[in-house]
Amino acid sequence: MRAIEQGVATCPACHQMVKIPDTSSPGQSTICPRCQSVVHSRIPNSIQQTWALVIASIVFYIPANLLPMMHVHTFAGVESDTIISGVIYFIKSGSYLIGFVILIASIIVPITKLIILIYLLISVQKRSSLRQHERRKLYRLTEIIGRWSMVDVYVVGIMVALVHFGGLTEIKAGAGANFFLLVVVVTMLAAMRFDPRLIWDTKE
């Protein structure tokens, strides 16, 4: 028997089992007696909010890849690089490991996270009872890989701070870095707003 059927829920802050006065309607809440946090039987409007954040992430992801991540100012001029052109540059220059890490962190990880969230949302909306344990693991995966999406932003930030040799070379963050940061933050919020307990709310 599920916790919601017994009228209890777990506190998201201290994991105390809390009695919910009325679990007949999703989103009912109470106050945790241990830490005074708000405890919901299910996160209110979880599906709608997660969809909104996922769609926003997709919108931000397009300019994040099309616009330059950074601008390199030298005495010879200004050179701008997008995520893809940066990966190609590192591979051509023989820095395969760096190119591979940026490819994974900046291209594969965000796309994978968005695909997983979309799959979870659709399966929850259909109240599917298939592969529930696998879907729970997929949700945990989005939490684990989310932090690695920041690698590109970290690299640009470090280079902006360190690379300035006597005024001859200067690196500035491009608009693509701002949009990529938005993608990372919004996808993390989407994963936070998705309620994994909905996976167990099947048709049965």
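This is a predicted model: local features need pLDDT of at least 70, side-chain atom pairs count only at pLDDT 80 or more; totals for chains, interfaces and linings use all residues.

Helix 2 and helix 3 cross in a left-handed manner.

**Helix 2 with helix 3**

- Helix 2 covers residues 83-92, and it packs against helix 3 at an angle of about 160°, with the two axes 7 Å apart.
- Because angles over 145 degrees count as roughly antiparallel, helix 2 is described as roughly antiparallel to helix 3.
- On the side of helix 2, the residues that meet helix 3 are Ile83, Ile84, Val87, Phe90 and Ile91.
- On the side of helix 3, their partners are Tyr96, Ile98, Gly99, Ile102, Leu103, Ser106 and Ile107.
- Sorted by class, the contact of helix 2 with helix 3 consists of 10 nonpolar residues and two polar ones, with no charged residues.

**Helix 1 with helix 3**

- Helix 3 spans residues 96-125, and its axis comes within 11 Å of the axis of helix 1, the two crossing at roughly 155°.
- Helix 1 is therefore roughly antiparallel to helix 3.
- The crossing of helix 1 and helix 3 is left-handed.
- Helix 1 contributes Ile47, Thr50, Trp51, Val54, Ser57, Ile58, Tyr61 and Asn65 to this contact.
- Among the residues that helix 3 contributes are Ser106, Ile107, Pro110, Ile111, Leu114 and Leu117.
- The class count for the contact of helix 1 with helix 3 is 14 nonpolar, five polar and no charged residues.

- Serine 57 belongs to helix 1, which runs over residues 46-66.
- Is serine 57 buried or exposed? Its relative accessibility is 0%, so serine 57 counts as buried.
- When neighbours within four places in sequence are set aside, serine 57 is in contact with Leu114, Val183, Val186 and Thr187.
- Asparagine 65 also lies in helix 1.
- Asparagine 65 has a relative accessibility of 16% and counts as buried, because the limit for this class is under 20%.
- Residues up to four places away in sequence not being counted, asparagine 65 touches Thr82, Ile83 and Ile107.

**Aromatic pairs**

- A pair of aromatic rings is described by the distance of the centres and the angle of the planes.
- How many aromatic pairs are counted in the model? The count comes to two aromatic pairs.
- Phenylalanine 60 and phenylalanine 179 form a tilted pair, with 6.3 Å from centre to centre and 45° between the planes.
- This pair joins distant parts of the chain, since phenylalanine 60 is in helix 1 and phenylalanine 179 is in helix 6 (residues 175-193), 119 residues apart.
- Phenylalanine 60 is partly exposed, as its relative accessibility is 23%.
- Phenylalanine 179 is likewise partly exposed, at 27% relative accessibility.
- Tyrosine 139 and phenylalanine 194 form a tilted pair, with 5.6 Å from centre to centre and 45° between the planes.
- The pair of tyrosine 139 and phenylalanine 194 also links distant parts of the chain: tyrosine 139 is in helix 4 (residues 132-146), while phenylalanine 194 is in the segment after helix 6, 55 residues apart.
- Tyrosine 139 has a relative accessible area of 4% and is therefore buried.
- Phenylalanine 194, at 1% relative accessibility, counts as buried.

**Residues with a positive phi**

- Most residues other than glycine have a negative phi.
- Asparagine 45 is not a glycine, yet it has a positive phi of about 55°.
- Asparagine 45 is located in the loop between strand 4 (38-40) and helix 1.
- Arginine 127 is not a glycine, and it has a positive phi of about 55°.
- Where does arginine 127 lie? Arginine 127 is placed in the loop between helix 3 and helix 4.
- With a relative accessible area of 43%, arginine 127 is partly exposed.

- Alanine 105 is part of helix 3.
- The relative accessibility of alanine 105 is 4%, so this residue counts as buried.
- Alanine 105 and isoleucine 145 are 40 residues apart along the chain, and their C-alpha atoms are separated by 8.8 Å.

Methods. Residues are numbered from 1 along each chain as its sequence is written. Side-chain values use heavy atoms; hydrogens and water are left out. Helices (H or I, at least four residues) and strands (E, at least two) are DSSP runs, numbered from the N terminus. Buried means under 20% relative accessible area, exposed over 50%, partly exposed in between (1.4 Å probe, protein chains only). Contact means heavy atoms within 4.5 Å. Axes are lines fitted to C-alpha atoms, for helices over the stretch in contact, and angles run from 0 to 180 degrees between N-to-C directions. Angles under 35 degrees count as roughly parallel, over 145 as roughly antiparallel, 65 to 115 as roughly perpendicular and the rest as oblique. A crossing is left-handed if the near helix is turned anticlockwise from the far one by less than a right angle, and right-handed if clockwise. Ala, Val, Leu, Ile, Met, Phe, Trp, Tyr, Cys and Pro count as nonpolar, Asp, Glu, Lys and Arg as charged, and the others, Gly among them, as polar. Rings of Phe, Tyr and Trp (its six-membered ring) pair if their centres lie within 6.5 Å; planes under 30 degrees apart count as stacked, over 60 as edge-to-face and the rest as tilted.
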